[in-house]
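Let's take a walk through a protein together, starting with its overall plan and ending among its rings. Have the picture at hand and turn it as you read.

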Amino acid sequence: MADESTQSITVDAPAEAIMAVIADFAAYPRWANAVKSAEVRSTDAEGRGAEVAFTLDAGPFKDEYTLGYEWADDGLSVSWSLVEGQMQRAQKGSYVLRPHGGSTEVVYTLSVQLAVPMIGLFRRKAEKMIMDTALKELKRRVERG
């Protein structure tokens with residue numbers, strides 16, 4: 001797997017509220033601009049998405065793919081990996097939530113390997129842009145409700 005990129009942001013909300021937004025895949029198209037659709041294909045014993053199909057349109061990067069999710073028992077992290085995709089050969093990612101009083105640091109780690117070769121520098125730059133946008137949109141969604 002390719003190198004990972006990591007970014008973090010502080011959200012003025014408890015970890016439970018943030019994880020509830022992360023787990024609400026059906027709502028993603030309403031607040032995550034690049035996500036055009038998200039369909040839960042299977043759930044775990046707790047009713048959370050275990051396999052979710054996405055349609056993504058991020059300008060030059062468009063894809064339809066399915067991710068498999070693993071949710072931590074403590075409710076403070078979730079990780080995922082690519083099940084199948086058109087433009088991606090591999091994807092691994094995670095959100096780790098670190099509560100600090102009334103706010104929470106959200107740490108997002110992502111690694112994407114495209115089916116088409118891309119120079120590492122450009123791939124990392126694209127990952128960082130995707131992560132930066134995702135974290136800002138998550139923060140806005142959680143804090144504004």
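The paragraphs below go from the whole chain to the sheet, then to the core and the aromatic side chains.

Please keep in mind that this is a predicted model. Start with the parts list: the protein has 3 helices and 7 strands. Read from the N terminus, the elements follow the order β-α-α-β-β-β-β-β-β-α. How compact is the protein? Its radius of gyration is 15 Å, close to the 15 Å that the globule rule gives for 145 residues, so the protein is as compact as a globular protein of that length. Along the principal axes, the C-alpha atoms fill a box of roughly 45 × 30 × 25 Å.

Strands of a sheet pair through backbone hydrogen bonds, either parallel or antiparallel. Here 7 strands make an open sheet with antiparallel pairing, in the order S1-S7-S6-S5-S4-S3-S2. Which strands sit at the edges? They are S1 (5–11) and S2 (35–43), each of which pairs on one side only. From one strand to the next, the twist averages 20°.

S2 pairs with S3 (residues 49–58) in the antiparallel sense, over 7 bridges. You can trace this pairing residue by residue: Ser 37 has Thr 55 in S3 as its bridge partner, while Ser 42 has Glu 51. The hairpin of these two strands has 5 residues between them, and there Gly 47 takes a positive phi near 85°.

Next, find helix H1 (residues 15–23), which packs on the sheet. H1 touches S1, S4 (61–71), S5 (77–85), S6 (88–100) and S7 (103–114), and its direction makes about 160° with that of S6.

What about the inside of the protein? Of the 145 residues, 41% count as buried. In soluble globular proteins, nonpolar side chains tend to be buried together. In this model, the largest nonpolar core has 38 residues, and Ile 18, Ile 22, Phe 54, Tyr 69, Tyr 95, Val 106 and Leu 138 have the most contacts inside it. Take Ile 18 as an example. Leaving aside its neighbours within four places in sequence, Ile 18 is in contact with Val 11, Ala 13, Leu 97, Thr 104, Val 106, Leu 138 and Val 142.

Finally, let's turn to the aromatic rings. The structure holds 12 aromatic pairs. One of them joins Phe 25 and Tyr 69, a tilted pair with 4.8 Å from centre to centre and 50° between the planes. Why does this pair tie together parts that are 44 residues apart in sequence? Phe 25 lies in the loop between H1 and helix H2 (28–31) and Tyr 69 lies in strand S4, so the pair links those two places. Phe 25 counts as buried at 1% relative accessibility, and Tyr 69 is buried with a relative accessible area of 11%.

Tyr 95 and Tyr 108 have ring centres 4.7 Å apart and planes at 25°, so this pair is stacked. Tyr 95 belongs to strand S6 and Tyr 108 to strand S7, 13 residues apart. Both of these tyrosines, Tyr 95 and Tyr 108, are buried. The two pairs meet in one aromatic cluster, formed by Phe 25, Tyr 28, Trp 31, Phe 54, Tyr 65, Tyr 69, Trp 71, Trp 80, Tyr 95 and Tyr 108.

Note on methods
Residues numbered from 1 in each chain as written. Predicted model: local features only at pLDDT ≥ 70, side-chain atom pairs only at ≥ 80, totals over all residues. Heavy atoms only, no water. Pairing = 2+ DSSP bridges. Helix = DSSP H or I, 4+ residues; strand = E, 2+ residues; numbered from the N terminus. Axes fitted to C-alpha atoms, helices over the stretch in contact; angles between N-to-C directions. Contact = heavy atoms within 4.5 Å. Core = buried A, V, L, I, M, F, W, Y, C linked by side-chain atoms within 4.5 Å. Buried < 20%, exposed > 50% of the residue type's maximum accessible area, 1.4 Å probe, protein only. Phe/Tyr/Trp six-rings, centres within 6.5 Å; stacked < 30°, edge-to-face > 60°. Rg over C-alpha atoms; globule rule 2.2 N^0.38 Å.
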